Amino acid sequence: MEKMNGTGNGGFSSTEMEYIRRHHNQEPGENQCASALVKHIRAPVPLVWSLVRRFDQPEKYKPFVSRCVVRGNLEIGSLREVDVKSGLPATTSTERLEVLDDNEHILSIRIIGGDHRLRNYSSIMSLHPEIIDGRPGTLVVESFVVDVPEGNTKDETCYFIEALIKCNLKSLSDVSEGHAVQDLTEPLDRMQELLISG
């Protein structure tokens with residue numbers, strides 16, 4: 001997992017930097033911090049996107065979400081009320097869907113309320129196809145920008161949010177790769193059943 005804190009390229013490959021430049025133009029203000037993280041997942045983009053695009057069901061892969069309620073249809077401007085599991089310095093979060101692009105595989109959300117210290121938080125996630133060990137894989141880029149809370153430094157704020165995002169991306173990877181393995185083995189199981197029954 002790589003990261004960028006607005007200084008240099010933070011160890012990103014040229015391909016990763018190109019995706020960040022193209023889709024993650026987060027412009028932090030004076031009292032804000034911003035960062036981007038990448039994760040390589042051994043599962044094809046359509047599978048990973050099927051989890052990411054579910055603005056109404058973040059708990060499918062986000063381990064800190066206990067419950068999510070979306071009112072009305074799932075569309076740009078939709079709001080979700082998220083309940084956060086205990087152990088984090090938050091209990092609820094109100095989030096608005098800013099971008100849901102099924103062609104480019106981009107999801108963007110903005111936090112507009114809730115019981116937490118993340119003010120003016122917005123994030124962008126983009127998914128990009130790649131080949132990993134000869135199989136279809138997915139490069140996920142997630143970036144964010146947020147106000148630095150009073151009493152915290154930019155580094156502390158970025159470190160905390162990066163840790164949360166890393167957990168989410170690891171979980172997304174685990175869930176996606178679990179489904180991908182299942183998708184690969186199911187046809188084999190069916191072939192074996194046919195051979196045995198035949």
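The following questions and answers examine one predicted protein model.

User: How are the residues numbered, and which limits apply to this predicted model?
Analyst: Residues are numbered from 1 along each chain as its sequence is written, and side-chain values use heavy atoms, with hydrogens and water left out. As this is a predicted model, totals for chains, interfaces and linings use all residues, side-chain atom pairs count only at pLDDT 80 or more, and local features need pLDDT of at least 70.

User: What percentage of the 198 residues of the protein count as buried?
Analyst: A residue is buried under 20% relative accessible area, exposed over 50%, and partly exposed in between (1.4 Å probe, protein chains only). Among the 198 residues of the protein, the buried share is 41%.

User: Which residues touch the most other members of the largest nonpolar core?
Analyst: A nonpolar core is a set of buried Ala, Val, Leu, Ile, Met, Phe, Trp, Tyr and Cys residues joined through side-chain atoms within 4.5 Å. The largest such core has 30 residues. Two or more of its residues come from each of β2 (32-41), α2 (45-52), β6, β7, β8 (135-147) and α3. The members that touch the most others are V48, V52, Y121, V140, F144 and L172.

User: Which residues does V52 touch, not counting residues up to four places away in sequence?
Analyst: Contact means heavy atoms within 4.5 Å. V52 is one of the residues with the most partners in the largest nonpolar core. Not counting residues up to four places away in sequence, V52 touches Y61, L107, M125, L127 and L172.

User: Which element gives the most residues to the lining of the largest pocket?
Analyst: On a 1 Å grid over the protein atoms alone, a pocket is an open set of points where a 1.4 Å probe fits, with protein on both sides within 12 Å along at least five of seven lines; lining residues have an atom within 4 Å of a point. The largest pocket has a volume of about 740 Å³, where a volume is the space filled by probe spheres set on the points, which are joined across faces, edges and corners. At least two lining residues come from each of β4 (79-84), β5 (92-101), β6 (106-114), β7 (122-132) and α3 (154-197). With seven residues, the element that gives the most is α3.

User: How many nonpolar residues are in the lining of the largest pocket?
Analyst: Ala, Val, Leu, Ile, Met, Phe, Trp, Tyr, Cys and Pro count as nonpolar, Asp, Glu, Lys and Arg as charged, and the others, Gly among them, as polar. The lining has seven polar and seven charged residues. Its nonpolar residues number 22.

User: Is S123 buried or exposed?
Analyst: S123 belongs to strand β7. Leaving aside neighbours within four places in sequence, its contacts include Q26, L107, S108 and F144. Because its relative accessibility is 6%, S123 counts as buried.

User: How far apart are the C-alpha atoms of S108 and I124?
Analyst: S108 lies in strand β6 and is buried, with a relative accessible area of 9%. Beyond its neighbours within four places in sequence, S108 is in contact with residues including R96, S123 and I124. Although S108 and I124 are 16 residues apart along the chain, their C-alpha atoms are separated by 4.3 Å.

User: What is the C-alpha distance between H23 and V141?
Analyst: H23 is placed in helix α1 (residues 14-23), and its relative accessible area of 14% makes it buried. In sequence, H23 and V141 are 118 residues apart. In space, their C-alpha to C-alpha distance is 9.1 Å.

User: Is D133 buried or exposed?
Analyst: D133 lies in the loop between β7 and β8. It has a positive phi of about 50 degrees although it is not a glycine. Most residues other than glycine have a negative phi. Since its relative accessible area is 62%, D133 is exposed.

Methods: Helices (H or I, at least four residues) and strands (E, at least two) are DSSP runs, numbered from the N terminus.
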